[in-house]
Amino acid sequence: MEHNKKTPFPKDFLWGAASAAYQVEGAWDKDGKGPSVWDVFVRNEGVTYKGTNGDVAVDHYNRYKEDVALMAEQGLKTYRFSIAWSRIYPTGNGEVNEKGLQFYDDLIDELLKYNIEPMITLYHWDIPQSLMDQYGGWESRQVIEDFNEYAITLYKRYGDRVKYWISLNEQNYFISYGYETALHPPAVKDRKRMYAANHIANLANAKVIQSFRKYVPDGKIGPSFAYKPYYPVDSNPQNILAFENSEDLNNYYWMDMYAWGRYPVTAWKFLEENGLAPEIEEGDFELLASAKPDFMGVNYYRTTTVEENPKDGGVDIGVKNVTGKKGSTKHSGMPGMFKTTNNPHVESTNWDWDIDPQGLRIGLRRIATRYQLPVLITENGLGEFDALEEGDVVNDDYRIDYLKSHIQAIQDAMSDGVEVLGYCAWSFTDLLSWLNGYQKRYGFVYVNREEDDEKDLRRIKKKSYHWYKEVIAENGENL
């Protein structure tokens with residue numbers, strides 16, 4: 001659709017940036033914090049780039065005031081951050097750690113001092129290790145109650161000041177990477193266990209949304225879904241069917257559950273036929289249907305193109321590029337359903353992620369049409385090798401081009417009729433990129449450290465920092 005005039009961004013549009021506790025905070029064992037699964041997982045040899053970990057990360061725990069001052073100078077309207085569950089409950093349940101609660105009190109108050117809207121993510125991949133030891137974490141229904149008690153503690157403590165909440169971040173990734181590809185903890189390769197853990201996570205997500213209505217009745221809550229809209233490689237009906245399969249199994253399988261409390265028919269049939277369907281207990285679907293979110297949170301980085309994949313001899317789990325060596329990704333798929341392939345119409349990053357701003361517009365329209373929900377862009381950004389030049393200069397024009405094109409796509413989607421509440425770029429500062437160390441940089445603010453050298457952790461504004469400051473000041477009018 002081409003428009004004679006684009007819809008302007010609303011005056012209350014939430015221009016922001018995002019982070020995650022494990023990737024920025026450091027202080028992994030300070031002030032009573034217990035170990036998370038990531039604190040333990042990274043001790044295993046060879047699981048992360050050059051053995052990097054979040055013990056110090058970018059030291060946000062000790063430098064949050066400096067970071068918030070930089071946010072205020074940039075003009076951020078909101079800052080999305082996650083709370084480390086094991087900083088609040090060191091063993092996942094039991095005694096509350098007051099010092100952990102106080103840290104986030106201080107961070108929230110510092111943000112509000114500068115009129116920056118705090119946006120809390122309840123869970124960003126870092127379940128307490130103790131819950132894995134006690135009962136297997138997301139593989140036990142006990143986690144539903146423990147996660148709910150943790151969430152209620154946060155609602156009661158911060159709900160008077162925080163009105164935007166994210167329940168689960170990228171459930172589709174922490175479940176699939178943890179239980180299908182074994183790239184993340186607990187490093188399991190078992191699709192049956194994956195779908196079982198995912199169903200329990202769905203129930204936990206619904207439970208904390210249900211509780212939210214009681215404790216923060218004037219707030220808004222929703223999950224953040226890692227959304228990769230799919231394309232068929234061409235108009236061959238078999239490839240169109242592969243596209244439909246991938247949308248059902250990789251996108252609608254999660255989003256239908258969030259919005260409606262049910263699984264897509266075709267995806268569920270596939271799981272049943274292959275012995276992968278999770279166990280359903282009485283009351284499950286009643287709980288799931290009772291917890292409709294206020295918005296669909298979207299973490300968007302890329303689209304994916306697919307084609308037919310035969311059941312016999314088809315492509316299965318591929319190889320993920322975690323080094324930044326372009327072209328090292330090996331295609332993946334689900335035999336009998338789909339397999340990924342290259343899209344000749346788009347460029348890609350050094351990590352082989354397709355750069356497709358139009359895909360964001362397409363995805364937003366699909367969500368709005370299917371679910372009739374507002375969308376909150378909870379992550380979008382470009383991970384690349386940034387160079388610190390003489391005079392503390394980082395010329396990341398490539399990031400500006402990426403962000404600009406994606407924000408333009410959001411405005412196009414709004415002009416198409418999609419309601420978008422806000423945009424949180426990933427990320428504010430550089431941070432630990434989980435498996436990729438510190439070489440894959442996303443931030444508006446360069447942090448002076450490397451994988452094997454913490455250096456001085458100095459904060460340096462990139463060129464993109466100043467560009468985004470202008471975008472916010474002009475409310476996106478001159479993109």
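Which residues in α3 meet which residues in α5? From α3 come His60, Tyr61, Tyr64, Lys65, Val68 and Met71, and they meet Phe103, Asp106, Leu107, Glu110 and Leu111 in α5. Keep in mind that this is a predicted model.

Let's stay with that pair of helices for a moment. Helix α3 covers residues 60-74 and helix α5 covers residues 98-113; their axes come within 10 Å and cross at roughly 10 degrees. Angles under 35 degrees count as roughly parallel, so α3 and α5 are roughly parallel to each other. Sorted by class, their contact has seven nonpolar, one polar and three charged residues.

Now for the core. The largest nonpolar core has 154 residues, and Trp138 and Trp165 are the ones with the most contacts inside it. Helix α9 (residues 191-215) gives this core its largest share, eleven residues. If you want to see what surrounds Trp138, leave aside its neighbours within four places in sequence and look for its contacts, among them Trp85, Tyr123, Ile127, Val143, Phe147 and Leu168. Trp138 is also in contact with Phe174, Tyr179, Ala197, Ile200, Ala201 and Ala204.

Nine of its nine residues are buried, so α8 is largely enclosed by the rest of the structure. The buried residues include Gln171, Asn172 and Ser176 as well as Phe174 and Ile175. What do they pack against? The buried residues of α8 pack against β3 (117-123), β4, α9, β5 (220-226) and α10 (237-260).

Strand β4 (residues 164-169) holds Ser167. Is Ser167 buried or exposed? With a relative accessible area of 0%, Ser167 is buried. Its side chain joins that of Asn205 through a polar contact of 2.5 Å. Not counting residues up to four places away in sequence, Ser167 also touches Leu122, Tyr123, Phe147, Val208, Ile209, Ile221, Gly222 and Pro223.

Follow the chain out of α8 and you reach the loop between α8 and α9, where Lys189 is found. Lys189 is exposed, with a relative accessible area of 63%. Lys189 and Tyr179 are ten residues apart in sequence, yet their C-alpha atoms are 5.3 Å apart in space. Besides Tyr179, Lys189 touches Glu180, Thr181 and Ala182, again not counting residues up to four places away in sequence.

That loop between α8 and α9 also contains Pro186, and the peptide bond from Pro185 to Pro186 is cis, with omega near 10 degrees. Ala182 has its place in the loop between α8 and α9 too. Phi of Ala182 is near 65 degrees, a positive value in a residue other than glycine.

Another cis peptide bond runs from Trp426 to Ser427, with omega near 10 degrees. Ser427 sits in the loop between β14 (420-426) and β15 (445-447).

Ala27 is in the loop between α1 (21-24) and α2 (37-41). Although Ala27 is not a glycine, its phi is positive, at about 45 degrees.

Finally, look at Thr349, in the loop between β11 (347-348) and β12 (354-355). Thr349 touches Lys326, Ile355, Leu382 and Glu384, not counting residues up to four places away in sequence.

Here is how some loop residues compare in accessibility:

| Residue | Relative accessible area | Class |
|---|---|---|
| Ala27 | 10% | buried |
| Ala182 | 22% | partly exposed |
| Lys189 | 63% | exposed |
| Thr349 | 7% | buried |

Key:
Residues are numbered from 1 along each chain as its sequence is written. This is a predicted model: local features need pLDDT of at least 70, side-chain atom pairs count only at pLDDT 80 or more; totals for chains, interfaces and linings use all residues. Side-chain values use heavy atoms; hydrogens and water are left out. Axes are lines fitted to C-alpha atoms, for helices over the stretch in contact, and angles run from 0 to 180 degrees between N-to-C directions. Helices (H or I, at least four residues) and strands (E, at least two) are DSSP runs, numbered from the N terminus. Angles under 35 degrees count as roughly parallel, over 145 as roughly antiparallel, 65 to 115 as roughly perpendicular and the rest as oblique. Contact means heavy atoms within 4.5 Å. Ala, Val, Leu, Ile, Met, Phe, Trp, Tyr, Cys and Pro count as nonpolar, Asp, Glu, Lys and Arg as charged, and the others, Gly among them, as polar. Buried means under 20% relative accessible area, exposed over 50%, partly exposed in between (1.4 Å probe, protein chains only). A polar contact is a pair of N or O atoms within 3.5 Å; within protein, one must be able to donate a hydrogen and the other to accept it, and residues adjacent in sequence count only if both atoms are side-chain atoms. A nonpolar core is a set of buried Ala, Val, Leu, Ile, Met, Phe, Trp, Tyr and Cys residues joined through side-chain atoms within 4.5 Å.
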